[in-house]
Amino acid sequence: MASSVAQLRAVLAQRRSDFARRDAPRVAKVVRPARVRAAPARAAVAEPASAPGGVSGVERGSGHEVHKFGGTCVGSFERISGVCDLLIESAKSGVKTFGVVSAMGVATKGEPKVTDCLINATDMAAARNPAYEEELVKLEHKHRSTAEALLTIPEELTKYMDNFTAELEDLRAMLRAMSIAGTSTQAFADFVVGHGELWTARLCAAVIRCKGFDAEWIDARDVLVVTDAEDGGVDVDYERSNANLDKLFDERGHGKAGANRVLIATGFIARTPEGVPTTLKRNGSDYSATIFGAMLIAKTITIWTDVDGVFSADPRKVKEAVCLESLSYNEAWELSYFGANVLHPRTTLPAMRYHIPVVLRNYFNQAAPGTSICDQCDVETGGVMNPIDINSDRVNFIKGLATIEDITIINVEGTGMVGVPGTANAVFQTVKEAGCNVVMISQASSEHSICFAVRSHEAAAAVKALNKRFEKAIAAGRIKAVEAVDECAILAAVGQNMCQTPGVSAMLFEALANANVNVIAIAQGASEYNITCVVSKKDIAKALRAVHGRFYLSKTVMSVGIVGPGLVGKTLLRQMKEQLASLKTDYNVDLRVVAVAGQSKMLLVGESEFALDLDAWEDSYAEGQALDMEAFVQCVTANAPNAVIIDCSASEDVALEYKDWLQRGINVVTPNKKANSGPLPYYKELRNIQRNSYTHYFYEGTVGAGLPILSTLNNLRDSGDRINKVEGIFSGTLSYIFNTYGADDKFSDIVKTAKELGYTEPDPRDDLSGTDVARKVVILARECGIDIELDDVPVESLVPEALRDVASVEEFMEKLPEYDDEMAGKCAEAAAAGEKLRYVGVVDVENKTGSVELRRYSGDHPFGQLSGSDNIISFETTRYVGPSTLVVRGPGAGAEVTAGGVFGDVLRVSQYLGAPS
């Protein structure tokens with residue numbers, strides 16, 4: 001084994017010697033363009049030194065453009081060919097073109113990734129697993145097949161494969177030695193894994209030459225010298241690296257070739273000052289691109305990837321997320337810290353030094369302009385505030401939103417902490433020693449408590465360590481407790497334009513309040529680039545959509561689900577369709593109908609859609625999927641920060657869902673009377689949820705369709721008036737029947753006509769029984785504070801007792817004329833007294849009773865003057881007494897007015913968002 005380890009060391013020593021011979025640093029003369037500004041102190045990038053003896057080296061600042069291509073972009077021979085075409089096109093336009101490439105990735109799922117194969121081979125060899133040979137076979141096949149498809153000049157193919165084969169054999173020998181020794185080191189692993197970039201860069205240069213353009217590849221280990229940094233990354237020795245680059249340009253004539261030669265460097269890899277191969281660690285290829293860009297003082301650095309750029313939020317969570325036109329370096333840093341798909345902060349430092357824009361673009365959608373990361377926002381410099389670019393990103397103060405889930409808040413609290421120096425230091429030193437990373441810190445100025453966030457999997461260790469550290473203080477009562485709040489998440493809003501702009505925080509927290517999201521903790525630095533808040537994990541998706549909607553969409557975005565697409569439901573959808581545009585334009589309300597559910601099926605919005613097409617929803621619903629109420633609810637809550645379910649059915653089963661919906665933060669609007677006239681305890685539960693939360697439950701349509709009955713009653717009570725009695729004709733059907741019925745008419749004929757006109761239910765007994773009116777009486781009584789059940793209301797039914805149980809509607813209508821004489825007698829008695837019959841519901845508040853009965857009213861009474869199918873309700877109160885009662889009259893039946901009343905309640909929800917109702 002000793003000989004094997006010695007062999008391994010010998011291989012590495014030979015490689016170190018090779019690099020040392022090539023590393024003869026020479027100082028280079030710098031040609032610096034006038035456009036480069038004095039460097040701010042925030043980026044530690046060394047200036048290239050001046051060179052003696054007339055050696056020109058790199059002509060820095062002369063318009064180089066750096067293009068970096070990730071593994072996905074070079075995942076197949078077709079993609080590599082496209083990359084080379086792009087570089088050639090750039091060079092032919094007169095631009096000095098410098099490419100940086102990663103190891104080959106994959107174009108099709110299941111294919112081997114080069115870097116994965118190299119890592120696997122290293123791990124297998126160190127574990128003495130002979131399967132490492134299989135990984136080498138995959139590498140050989142992938143590169144040979146790719147080279148044979150691309151290198152059309154035989155000499156280029158032979159030269160490439162000879163180099164590749166020789167290097168692969170060297171790797172095989174090294175891996176064999178590792179396998180015998182049963183061990184590896186980080187240096188060996190770095191050396192092995194870096195070969196993927198070597199092979200891609202060499203191949204791309206050869207492909208460009210086969211396409212008739214000059215190209216050479218650069219081994220970044222011949223140029224970049226790095227040392228390990230304290231944070232686990234690496235720091236670049238720019239003095240030696242610049243000298244190496246100048247030397248390479250001189251020796252190979254790259255400077256003289258200019259735009260007539262494409263240069264392609266390996267990403268990810270570098271070497272130590274001792275000549276040992278190493279890597280640039282996380283995001284190494286991107287880092288290579290910005291390092292070379294800074295050393296060239298390039299005009300731009302373009303990072304080609306597989307997304308259109310940086311989005312305002314994760315598009316997988318927010319459908320409306322937009323690709324940002326630009327970000328400042330500071331904004332990019334903040335977003336990347338919270339996990340957004342942006343460059344690592346270390347990656348931007350070299351470009352930031354020379355104010356070089358870094359553009360993130362989609363190789364697979366080259367029509368998209370991408371996102372430019374540059375130094376262009378309102379940054380305070382020498383007391384002067386640079387102007388905000390008002391055309392950038394629609395003048396949004398918040399550029400992007402990012403989230404971190406699985407967070408635990410730890411709170412250290414106690415009066416003994418107040419004014420005691422070193423407490424915070426003790427807390428965070430203890431957390432550090434426990435190996436936990438603090439994600440966010442928040443402390444009140446009273447110093448009574450310190451609150452901070454850690455990853456959930458680290459919370460137990462942090463709490464244990466803190467309890468041990470402050471054991472005596474806790475026992476003495478100086479520190480009350482160390483508490484952990486689990487199931488939290490962080491929402492970060494980032495934007496450099498927030499700086500010194502009043503009201504941005506208010507807008508953010510208003511959006512969260514409107515979405516019924518509770519904020520657990522808040523943090524904001526003095527730079528004002530970032531507002532961070534902690535919310536419950538279950539609310540994070542809703543919070544993200546709410547804040548994004550506030551800054552990028554209408555002020556109020558509401559996701560709407562409709563249950564019951566019958567006559568009222570269809571009418572409501574039509575009314576919504578007609579008003580959507582004006583609501584958004586005039587009132588800043590964006591209603592999005594995302595789901596429609598019936599008795600057995602439902603229609604849900606597609607994953608890539610924002611809302612259902614209200615012009616074609618009926619055809620789609622006809623072929624909808626089977627009803628799944630939980631999926632329906634999930635769809636409504638997943639598509640906007642504010643959710644509303646409208647129940648246009650008459651179903652008791654649906655009414656029983658209201659409690660669950662309200663508890664989940666879903667607003668409920670309904671004309672369905674079953675919930676509010678059902679069991680009293682259930683009604684009270686619904687009202688308590690409404691009172692004690694920011695979730696709204698509106699049901700104006702349950703009593704007067706589109707008439708403002710409940711709102712009038714509540715306004716009277718809220719103003720201090722006392723309700724004594726509510727009396728009214730609450731049924732449009734029965735209003736029509738008795739407004740039409742006269743001494744010369746047969747009652748059965750009037751009922752038949754009403755049925756033919758569509759005024760009655762399919763079974764007229766549902767109207768004539770008075771149950772519907774009784775439900776309205778119960779609802780009104782409960783709104784007046786009377787605890788009453790439906791069975792407590794005596795109802796005078798207009799259905800002859802003998803016909804109440806007949807089997808069919810047809811049989812009922814056929815036999816109803818047999819009972820006309822009974823109703824004719826009542827009509828004649830009323831007429832003889834100069835009165836008219838009216839079917840009314842009465843709430844006697846003073847006696848706490850309700851009733852439904854057929855009454856007689858004089859011709860000059862408001863009820864006696866009623867015509868058509870209008871409803872009329874009289875409020876007798878302390879202020880409105882005697883003949884001067886408050887009367888509300890108007891259409892109380894029909895799909896149009898009922899849908900209109902429901903629509904009004906939906907708009908009330910939009911007005912009440914963020915406040916109790």
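Reader: Which helices do the buried residues of H27 pack against?
Author: This is a predicted model, in which local features need pLDDT of at least 70 and side-chain atom pairs count only at pLDDT 80 or more, while totals for chains, interfaces and linings use all residues. Residues are numbered from 1 along each chain as its sequence is written, and side-chain values use heavy atoms, with hydrogens and water left out. Helix H27 covers residues 747-756, and its buried residues pack against helix H26 (732-740), helix H28 (765-768), helix H30 (809-815) and helix H31 (820-832).

Reader: Which residues of H27 are buried?
Author: Buried means under 20% relative accessible area with a 1.4 Å probe, protein chains only. In H27 that applies to Phe 747, Ser 748, Ile 750, Val 751 and Ala 754.

Reader: Within what arc do the buried residues of H27 fall?
Author: The arc takes the directions from the helix axis to the C-beta atoms. The buried residues line one face of H27, because looking down its axis they fall within an arc of 160°.

Reader: What is the phi of Gly 758, which follows H27?
Author: Gly 758 comes after the helix, and its phi is positive. The value is near 85°.

Reader: How many helices and strands are there in the protein?
Author: Both are DSSP runs numbered from the N terminus: helices are H or I with at least four residues, strands E with at least two. The protein has 32 helices and 32 strands.

Reader: Which residues is Ile 80 in contact with, leaving aside its neighbours within four places in sequence?
Author: Contact means heavy atoms within 4.5 Å. With those neighbours left out, Ile 80 touches Cys 73, Val 74, Met 104, Thr 146, Leu 150, Leu 203, Cys 204 and Val 207.

Reader: What percentage of the residues of the protein count as buried?
Author: The protein has 917 residues. The buried share is 54%.

Technical notes: Buried < 20%, exposed > 50% of the residue type's maximum accessible area, 1.4 Å probe, protein only.
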